[in-house]
Amino acid sequence: MGTSTVRWTGGQTYIGIDSTNHSAVIATPSAGVGMKPSDLLLVAIGACASVDIVDILAKKKLHLTYLEVQVSGEQDQEPPWTFRKIHSHFVLRGSDLNEKAVEQAIHLAEDKYCSVAATVRPTAETTFDYEIQPE
């Protein structure tokens, strides 16, 4: 079980410290520094899936040279501004990537391995698409 800590540093700024003692600045937009908590959730979804995709493609012995994921979310207009739709767009590059392997890796990451996506899936529809770019 991992434990994270959020420490208030004054105003509307906080430091998030993960279970391995790494940190991120978290803040409201008015603070002018740090990530919004809701954006941090989108980053967590993208990062969680990315870790799995890199690992899956490596196990398939496919040469991945670039991976970026853009995660967007639609939230309710009223508090607590619940996410209802989250979409991930993956951009990959690699000399021997193919559609079947990439799609399978993303499906496994999104549907089976990513704990963050699994946690939000009961309240938010999660979708993805991808593009394989030339080297």
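Reader: Is N21 buried or exposed?

Author: N21 is exposed, because its relative accessible area is 66%, and the terms are set as follows: buried is under 20% relative accessible area, exposed is over 50%, and partly exposed lies in between, with a 1.4 Å probe and protein chains only. This is a predicted model, in which local features need pLDDT of at least 70 and side-chain atom pairs count only at pLDDT 80 or more, while totals for chains, interfaces and linings use all residues. Residues are numbered from 1 along each chain as its sequence is written, and side-chain values use heavy atoms, with hydrogens and water left out.

Reader: Where does N21 lie, and what is its phi?

Author: Most residues other than glycine have a negative phi, and most peptide bonds are trans. N21 lies in the loop between β2 and β3 and has a positive phi of about 70°, although it is not a glycine. (Strands are DSSP runs of E with at least two residues, helices are runs of H or I with at least four, and both are numbered from the N terminus.) K61, in the loop between α1 and β4, also has a positive phi, near 60°, and is not a glycine. With a relative accessible area of 71%, K61 is exposed.

Reader: Which residues does a cis peptide bond join?

Author: The cis peptide bond joins P79 and P80, with omega about 10°. P80 is placed in the loop between β4 (66-75) and β5.

Reader: How many helices and strands are there in the protein?

Author: The protein has 3 helices and 6 strands. Along the sequence they follow the pattern β-β-β-α-β-β-α-α-β. The C-alpha atoms fill a box of roughly 50 × 35 × 30 Å along the principal axes. Of the 135 residues, 28% count as buried.

Reader: What share of the contacts comes from residues 24 or more positions apart?

Author: A contact means heavy atoms within 4.5 Å. Among contacts with a separation of 6 or more, residues 24 or more positions apart account for 52%. Beyond residues up to four places away in sequence, L42 touches V71, S72, G73, F83 and I86. The C-alpha atoms of L42 and G73 are separated by 7.3 Å, although the two residues are 31 apart along the chain.

Reader: What does S88 touch, not counting residues up to four places away in sequence?

Author: S88, which is in strand β5, touches I45, V69, Q70, V71, E110, T127, F128 and D129. At 1% relative accessibility, S88 counts as buried.

Reader: And with which residues is A31 in contact, leaving aside its neighbours within four places in sequence?

Author: A31 is in contact with Q12 and T13. A31 is found in the loop between β3 and α1 and is partly exposed, with a relative accessible area of 31%. Its C-alpha atom is separated by 7.5 Å from that of G11, 20 residues apart along the chain.

Reader: How many aromatic pairs does the structure hold?

Author: A pair of aromatic rings is described by the distance of the centres and the angle of the planes. Rings of Phe, Tyr and Trp (its six-membered ring) pair if their centres lie within 6.5 Å; planes under 30 degrees apart count as stacked, over 60 as edge-to-face and the rest as tilted. The structure holds 1 aromatic pair. The centres of the F90 and F128 rings are 6.4 Å apart and the planes stand at 75°, so this pair is edge-to-face. Because F90 lies in strand β5 (residues 83-93) and F128 in strand β6 (residues 125-133), the pair ties together parts that are 38 residues apart in sequence. F90 is buried, with a relative accessible area of 1%.

Reader: Which residue lies over the face of Y66?

Author: A charge sits over a ring if NZ of Lys or CZ of Arg is within 6 Å of the ring centre and within 35 degrees of the ring normal. R93 lies over the face of Y66, at 4.0 Å from the ring centre.
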